[in-house]
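I opened my notebook to look up a few things in this model.

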Amino acid sequence: MFSTNRNIIRWIIIVSSFIIISLILWNTYTFFQKFKAEERVKMNTWSVAQIDFIKNIDDLDKDVNNVTSHVLTEMTTSTPMLVIDANGEVNNYINIEESKLNDSLKVQKIIKKFSNENQPIEVRVGKETIQTIYYGNSPLLNKLKYYPLALLLIILLFAAVVYFFYRSSKNAEQNKLWTGMAKETAHQIGTPLSSLVGWAEILKSENVKQEYITEIEKDISRLQTITERFSKIGSAPTLKKTDIIEATNSSFDYLKTRSSKLVNFEIQSLDKEVNVNLNPQLYSWTIENLVKNAIDAMKGKGDLKLMISKNEKQVFINISDTGKGILKNHFQKIFEPGYTTKKRGWGLGLSLAKRIIEDYHNGKIKVLKSEIGKGTTIQISLKTV
């Protein structure tokens with residue numbers, strides 16, 4: 001119930017944010033268009049004043065009207081403008097660098113730019129067009145044009161901060177839960193394990209067949225390894241220089257002897273040592289999880305192949321199966337805690353493998369390739385030393 005309410009609140013916040021952003025952008029756009037229309041009116045007024053000025057010049061007995069003079073000198077203090085006469089020559093200009101007007105190509109670029117920003121205004125005396133006014137957007141209008149982008153950027157940055165805070169908080173909560181569960185599991189296993197060690201010693205004194213004792217001791221050793229694995233969760237593991245080839249082969253062979261005979265195990269390894277900084281217990285846990293997932297994907301029957309290769313700086317461990325495959329949009333999701341396609345699965349195996357490889361060993365784990373109905377290859381990459 002709490003989870004459902006939290007999801008509803010989250011969607012309400014998202015939808016509300018979208019509506020607010022849309023309203024801000026719409027109001028900004030409306031204001032931009034209104035401001036642009038006002039600049040157009042101002043330029044039309046200037047063109048009328050220009051006509052009056054030309055007429056007054058033609059009539060030598062008349063003085064230039066004070067209103068006309070004011071409009072021509074004061075109404076275009078910020079708007080860049082270029083006046084071209086009927087012969088294509090620059091007749092007047094405002095807020096444009098004079099050096100640019102000495103180059104005809106630059107003048108044409110200015111005309112083209114201003115024409116794209118605003119419709120040119122023709123100055124007519126009677127039916128004759130004597131001048132054409134080209135004007136661009138004022139500095140204020142240009143700044144306003146980028147305001148929505150700046151606003152969106154700020155919102156995105158704020159959303160990113162909130163997201164990463166939420167994610168780190170969630171991860172910290174999950175890590176705390178995992179650590180508590182792991183240490184409690186190690187503690188619970190420890191008590192019966194001690195008893196099993198004692199019973200094994202008693203069986204030795206009872207002359208039980210040695211092969212039985214050997215297999216029991218192997219399983220006891222395995223339980224001790226598992227206990228040690230769980231006890232390491234939540235604390236930084238000790239890494240030591242280890243031959244990855246031997247560690248991989250050992251884990252793979254152990255699983256091979258204890259898996260169904262219907263699974264064909266194959267390993268392609270390297271002939272020489274490849275050393276990496278490794279915690280063998282945690283690494284074997286990763287291999288175990290990947291192999292068991294592969295066997296589950298094949299429903300206990302198929303071909304399972306492990307291949308080790310390397311380059312100058314890294315070693316690659318590929319585990320391939322002939323199972324049901326993974327959808328491409330689930331390549332990342334399978335490593336998330338709780339994700340599982342099994343009815344009784346907890347969805348912790350692959351997320352634990354990712355944490356062991358990436359957080360503890362500074363390596364990478366990913367789905368290298370997968371095809372529905374044909375199988376999957378998961379790759380581990382670790383730095384060599």
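**Entry 1: what "buried" means.** I needed a cut-off first. A residue counts as buried when its relative accessible area is under 20%. Over 50% it counts as exposed, and in between it is partly exposed. I also noted that this is a predicted model.

**Entry 2: helix H7.** Which residues of H7 are buried? I found Ile 244, Ile 245, Ala 247, Thr 248, Ser 251, Phe 252 and Leu 255. I then checked the length of the helix. H7 has 14 residues, and at 1.5 Å a residue they should span 20 Å. Next I looked at the N-terminal end of H7, which Asp 243 caps. A side-chain oxygen of Asp 243 lies 3.1 Å from the backbone nitrogen of Ile 245.

**Entry 3: Thr 248.** Thr 248 sits in helix H7, which covers residues 244-257. Why does Thr 248 count as buried? Its relative accessibility is 0%, and the cut-off for buried is under 20%. What does Thr 248 touch, leaving out residues up to four places away in sequence? I listed Tyr 283, Leu 306, Ile 308 and Ile 317.

**Entry 4: a salt bridge in H5.** I turned to charged pairs. The structure holds 10 salt bridges. One I looked up joins Glu 201 and Lys 204, with their closest N and O atoms 3.5 Å apart. Both residues lie in helix H5, residues 147-205. They are three residues apart, about one turn of the helix. An α-helix has 3.6 residues a turn, so residues three or four places apart point the same way. Are Glu 201 and Lys 204 buried or partly exposed? Glu 201 is partly exposed, with a relative accessible area of 46%. Lys 204 is partly exposed too, at 36%.

**Entry 5: Glu 215 and its partners.** Glu 215 meets Lys 218 in a salt bridge, 3.6 Å from N to O. These two are three residues apart in helix H6, residues 210-232, so about one helical turn separates them. Lys 218 is partly exposed, with a relative accessible area of 43%. For Glu 215 I noted 39%, which means partly exposed. Glu 215 also forms a salt bridge with Arg 258, where the closest N and O atoms are 3.6 Å apart. Glu 215 is in H6, but Arg 258 is in the loop between H7 and strand E6 (263-268), so this pair ties together parts that are 43 residues apart in sequence. Arg 258 is partly exposed, at 38%. Which residues make up the network here? Salt bridges link Glu 215, Lys 218, Asp 219 and Arg 258.

**Entry 6: the whole chain.** I finished with the overall numbers. The chain has nine helices and 11 strands. It has 385 residues, and 34% of them count as buried. I also looked up contacts between residues at least 6 apart in sequence. Of these, 67% join residues at least 24 apart. The chain exposes about 24,800 Å². Carbon and sulfur atoms supply 57% of that area.

Methods: Residues are numbered from 1 along each chain as its sequence is written. This is a predicted model: local features need pLDDT of at least 70, side-chain atom pairs count only at pLDDT 80 or more; totals for chains, interfaces and linings use all residues. Side-chain values use heavy atoms; hydrogens and water are left out. Helices (H or I, at least four residues) and strands (E, at least two) are DSSP runs, numbered from the N terminus. Buried means under 20% relative accessible area, exposed over 50%, partly exposed in between (1.4 Å probe, protein chains only). Contact means heavy atoms within 4.5 Å. Accessible areas come from the Shrake-Rupley method with a 1.4 Å probe; for residues, only the protein chains shown count as cover. A salt bridge is a side-chain nitrogen of Lys or Arg within 4 Å of a carboxyl oxygen of Asp or Glu. The expected span of a helix is 1.5 Å times one less than its number of residues. A polar contact is a pair of N or O atoms within 3.5 Å; within protein, one must be able to donate a hydrogen and the other to accept it, and residues adjacent in sequence count only if both atoms are side-chain atoms.
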